[in-house]
Amino acid sequence: MDESELKNEILELTLACQRDNATAQQWARLELLMEDEPEAIKWYLRTISDTLTLRSAAAARAANAAEENQAAF
C-alpha cells in the first residue's frame, strides 16, 4: 500500500469512527492497519489532532459570535 492510499484509508476510517457510524469491520481494519503499518499511527494521530484543532476553532468562533450578539443587545 502506498502512502497516499494509506492516508486516505486512515482518514476515511478515522472519520467514520469519529462520527460513531463505523462498522465492526471498519474498526477492525483501522486496528489492523495501525498494527501492520507503522506510518498508519502517524496519519491517525494527525487526523485526530486536526479534528481537535478544527473543533476548538469552531467552538471559539461560536463563543465569539455569541459574545458579539450579546453585546449588540
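The following questions and answers concern a predicted model of one protein chain.

User: How many helices and how many strands does the chain have?
Analyst: Read along the sequence, the elements of the chain follow the pattern α-α-α. In total, the chain has zero strands and three helices.

User: What percentage of the residues in the chain is buried?
Analyst: A residue counts as buried when its relative accessible area is under 20%. Among the 73 residues of the chain, the buried share is 18%.

User: Which word describes the packing of α1 against α2: parallel, antiparallel, perpendicular or oblique?
Analyst: Helix α1 covers residues 3-18 and helix α2 covers residues 24-36; their axes are 10 Å apart and the packing angle is about 135 degrees. Angles of 65 to 115 degrees count as roughly perpendicular and those over 145 as roughly antiparallel. The angle of about 135 degrees therefore makes α1, relative to α2, oblique.

User: Is the crossing of α1 and α2 left-handed or right-handed?
Analyst: The handedness describes how α1 passes α2. By class, the contact between these helices has eight nonpolar, two polar and two charged residues. The crossing is left-handed.

User: Which residues of α2 meet α1?
Analyst: On the side of α1, the residues in the contact are L6, E9, I10, L13, T14, A16 and C17. On the side of α2, they meet Q26, W27, R29, L30 and L33.

User: Is T14 buried or exposed?
Analyst: T14 has its place in helix α1. Not counting residues up to four places away in sequence, T14 touches L30, Y44, T47 and I48. Its relative accessible area is 1%, and the cut-off for a buried residue is under 20%. T14 is therefore buried.

User: What distance separates the C-alpha atoms of E9 and Y44?
Analyst: E9 lies in helix α1 and is partly exposed, with a relative accessible area of 22%. Not counting residues up to four places away in sequence, E9 touches M1, R29 and L33. E9 and Y44 are 35 residues apart along the chain, and their C-alpha atoms are separated by 9.9 Å.

User: What is the phi of D20?
Analyst: D20 lies in the loop between α1 and α2. D20 is exposed, with a relative accessible area of 69%. Its phi is positive, in a residue other than glycine, and is near 65 degrees.

User: Among contacts between residues at least 6 apart in sequence, what percentage joins residues at least 24 apart?
Analyst: One starts from the contacts in the chain between residues at least 6 apart in sequence. Of these, the share joining residues at least 24 apart is 57%.

How values were computed:
Residues are numbered from 1 along each chain as its sequence is written. This is a predicted model: local features need pLDDT of at least 70, side-chain atom pairs count only at pLDDT 80 or more; totals for chains, interfaces and linings use all residues. Side-chain values use heavy atoms; hydrogens and water are left out. Axes are lines fitted to C-alpha atoms, for helices over the stretch in contact, and angles run from 0 to 180 degrees between N-to-C directions. Helices (H or I, at least four residues) and strands (E, at least two) are DSSP runs, numbered from the N terminus. Angles under 35 degrees count as roughly parallel, over 145 as roughly antiparallel, 65 to 115 as roughly perpendicular and the rest as oblique. A crossing is left-handed if the near helix is turned anticlockwise from the far one by less than a right angle, and right-handed if clockwise. Contact means heavy atoms within 4.5 Å. Ala, Val, Leu, Ile, Met, Phe, Trp, Tyr, Cys and Pro count as nonpolar, Asp, Glu, Lys and Arg as charged, and the others, Gly among them, as polar. Buried means under 20% relative accessible area, exposed over 50%, partly exposed in between (1.4 Å probe, protein chains only).
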